[in-house]
Amino acid sequence: MGIIDGLARAIRGTPAVRARVEPRLAPAATPNAPPRPDALNSPSNVPYDGADYYGQHMQNWNPVLWSGDTEIGPQRDTLVARVRDLVRNDGWAAGAVTRTLDNTVGVNIRPISKPDYRALAHMSGNKAFDAQWAREYGAELDSRWRQWANDPRRFNDAERMLTFGQQMHLAFRQLLTDGDAIATLPWIEERMGRGAAQYATAVKIIDPDRLSNPQGRPDWTHIRNGVEVDEHEAPIAYHIREAHQADYWQGGKTVTWKRIPRETDFGRPMVVHMFEHHRGTQHRGGAGILAPVIQRLKMLIRYDTAELDASIVNAIFAAFIESPYDHQMTAEALGSGSPGGSGMDGRWQQQLVWNSHRDLSMQGSRIPMLFPGEKINTVAAARPANGYRDFQRAVLNNVAAGAGLSPQQVSNDFSDVNYSSARAALLEAWKTLTRRRQDFEIGFCQPIRMAFVEESMEIDDLPLPRNAPEFMDARAAYARAKWLGPGRGWIDPVAEKQGAILGMDAGLSTLEQECATNEGADWEEVIDQRKIEVDAFTERGLALPEWTGQQEASATVRKPEET
């Protein structure tokens with residue numbers, strides 16, 4: 001064994017064998033060697049390239065980690081002022097806001113009552129709360145709502161200028177541009193009477209600039225940008241300046257604030273404040289949908305102006321005369337001549353003599369005769385620049401993406417898209433528009449409706465079964481509603497309406513859904529109107545047309561050329 005062990009040790013001791021049988025160890029790093037980066041591109045030895053402080057692309061990008069309230073406060077006024085200026089003076093910005101308004105709330109947004117009769121039946125133990133009661137109650141309540149919301153004397157508006165739908169249009173516009181929609185619900189009982197207001201509930205739209213900390217004090221523990229909160233960060237009151245700070249004629253009102261509670265002791269809303277929540281513990285909105293694209297819109301405006309100025313110059317300055325004469329002779333030509341002269345001496349007089357009796361023309365076209373040594377040069381109109389349209393399209397695409405619209409809705413140019421691409425783009429935009437409308441309905445419209453329903457149940461004779469719960473015990477159930485806004489409309493009415501009929505026949509859709517989505521209409525009003533029209537044909541002894549439903553529904557999905 002001793003000989004064998006000695007041979008084995010000798011074999012392992014040779015460098016060639018040892019290199020094959022022993023594991024290779026990485027050489028120790030030299031003290032002066034630079035560290036290897038942990039991320040793909042970062043030279044700073046950090047796990048994420050996006051957190052690199054020293055790389056060429058990231059070293060000057062050091063945003064501050066603000067809270068939801070703090071990042072809005074100091075910059076809010078500057079952002080809002082710039083967005084408003086864009087909307088006032090730039091067609092693209094104004095168009096983006098207008099398209100969103102027209103497709104979201106319009107001026108006729110309205111509720112259709114959908115009381116939760118199952119919840120009311122459970123609370124009261126009364127089986128009379130059923131679908132039939134819900135229909136009767138909803139129809140009666142909706143008629144009362146229309147009397148208030150569409151009052152021709154505008155008693156629904158504390159300022160008596162707008163219908164309810166127009167008020168919501170204004171509030172949503174402020175939400176898009178300023179980031180906040182604010183209204184107070186004053187109780188104006190003194191306006192009630194015969195031929196006057198039927199309800200004391202009113203709505204007053206508030207300019208978001210007026211919601212601020214009293215005397216411009218900084219945010220503190222229980223007040224954030226004019227919103228007073230409790231220990232749970234829930235808003236409990238709003239500090240509203242009595243007049244806008246720019247209205248100097250209002251005197252002392254511009255420097256006094258009124259504290260308005262969020263709601264009464266019994267739960268009636270007094271202030272309605274709505275904004276898009278992007279952060280937790282956020283109590284004010286940002287600067288609307290155009291805040292992320294302010295820089296690009298400003299760049300596009302400057303580019304547009306430069307191209308327009310250049311085009312105007314090219315259109316006016318079409319040609320120039322190149323002359324061999326020096327500046328002194330040119331000055332003499334444009335001046336009054338030598339002192340004491342008649343003003344007609346010098347080169348100008350010589351040129352007039354030269355051009356006299358040289359009015360040549362050919363078939364009506366004049367042939368100019370220049371002074372010896374002169375020649376006419378033209379200005380080539382090389383503007384707008386070749387890349388202008390591509391740059392404009394890229395910026396508008398960015399604006400459309402930020403605003404949640406399709407590029408065609410922002411530019412109003414559908415010349416470069418076909419039906420399929422336009423339909424796909426509009427469907428994507430419709431999802432965002434629908435979400436914005438539903439968010440506005442829940443956060444702004446529904447609290448106002450809840451205040452109205454509370455008063456209506458108090459003074460109107462609405463159909464209610466025995467043991468009906470008090471309104472303050474079942475607000476959500478009594479005031480529940482489905483809101484109708486502008487319809488999506490049709491791109492290809494024949495094909496899309498055929499698809500709607502197929503969907504209803506297959507049980508994948510309902511008449512209520514189709515009327516609300518595509519037309520913004522109430523399905524019951526549609527069929528009631530249809531019955532009126534059918535009865536009118538019958539009374540007059542006229543043959544009923546196909547749309548009255550006298551034939552199978554499958555026949556209506558055939559294309560016109562197939563019949």
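Predicted model: local features only at pLDDT ≥ 70, side-chain atom pairs only at ≥ 80, totals over all residues.
# Notebook: helices and their neighbours

I started with burial: of the 563 residues of the protein chain, 35% count as buried (buried means under 20% relative accessible area, exposed over 50%, partly exposed in between, with a 1.4 Å probe and protein chains only). Residues are numbered from 1 along each chain as its sequence is written, and side-chain values use heavy atoms, with hydrogens and water left out.

Next I looked up the elements, and the protein chain has 17 helices and 13 strands (these are DSSP runs numbered from the N terminus: H or I with at least four residues for helices, E with at least two for strands). I also checked contacts, meaning heavy atoms within 4.5 Å. Among those between residues at least 6 apart in sequence, 66% join residues at least 24 apart.

**Entry: α7**

I went to helix α7, residues 164-178. From first C-alpha to last, α7 reaches 20 Å with its 15 residues, close to the 21 Å expected at 1.5 Å a residue (the expected span is 1.5 Å times one less than the number of residues). Is α7 mostly covered or mostly open? It's mostly covered, with eleven of its 15 residues buried. Among them are F164, M168, A171, F172 and L175. Just after α7 comes G179, with a positive phi of about 95°.

Then I found a partner for α7, helix α13 (residues 419-459): the two axes come within 12 Å and cross at roughly 125°. Axes here are lines fitted to C-alpha atoms, for helices over the stretch in contact, and angles run from 0 to 180 degrees between N-to-C directions. That angle makes α7 oblique to α13 (under 35 degrees is roughly parallel, over 145 roughly antiparallel, 65 to 115 roughly perpendicular, the rest oblique). On the α7 side I listed F164, M168, A171, F172 and L175, which meet R436, F440, F444, C445 and I448 of α13. By class, I get nine nonpolar, no polar and one charged (Ala, Val, Leu, Ile, Met, Phe, Trp, Tyr, Cys and Pro are nonpolar, Asp, Glu, Lys and Arg are charged, and the others, Gly among them, are polar). A reminder from class: an α-helix has 3.6 residues a turn, so residues three or four places apart point the same way.

**Entry: α8**

What angle do α8 and helix α11 (residues 388-403) make? Their axes cross at roughly 155° and come within 10 Å. α8 and α11 are therefore roughly antiparallel to each other. From α8 the contact includes L297, L300 and Y303, and from α11 it includes F391, V395 and V399. I noted nine nonpolar, two polar and three charged residues in the contact of α8 with α11.

I picked out I301, which lies in α8, residues 294-316. I301 is partly exposed, at a relative accessible area of 23%. Leaving out residues up to four places away in sequence, I301 touches L86 and D90. I301 and N89 are 212 residues apart in sequence, yet 9.8 Å apart in space, C-alpha to C-alpha.

**Entry: α15**

Last, I checked helix α15 (residues 493-505): its 13 residues should span 18 Å, and its end C-alpha atoms are 18 Å apart, which agrees. In α15, E496, Q498, A500 and G503 are buried. What covers the buried residues of α15 includes α13 and α16 (511-519). After α15 comes G507, whose phi is positive, near 80°.
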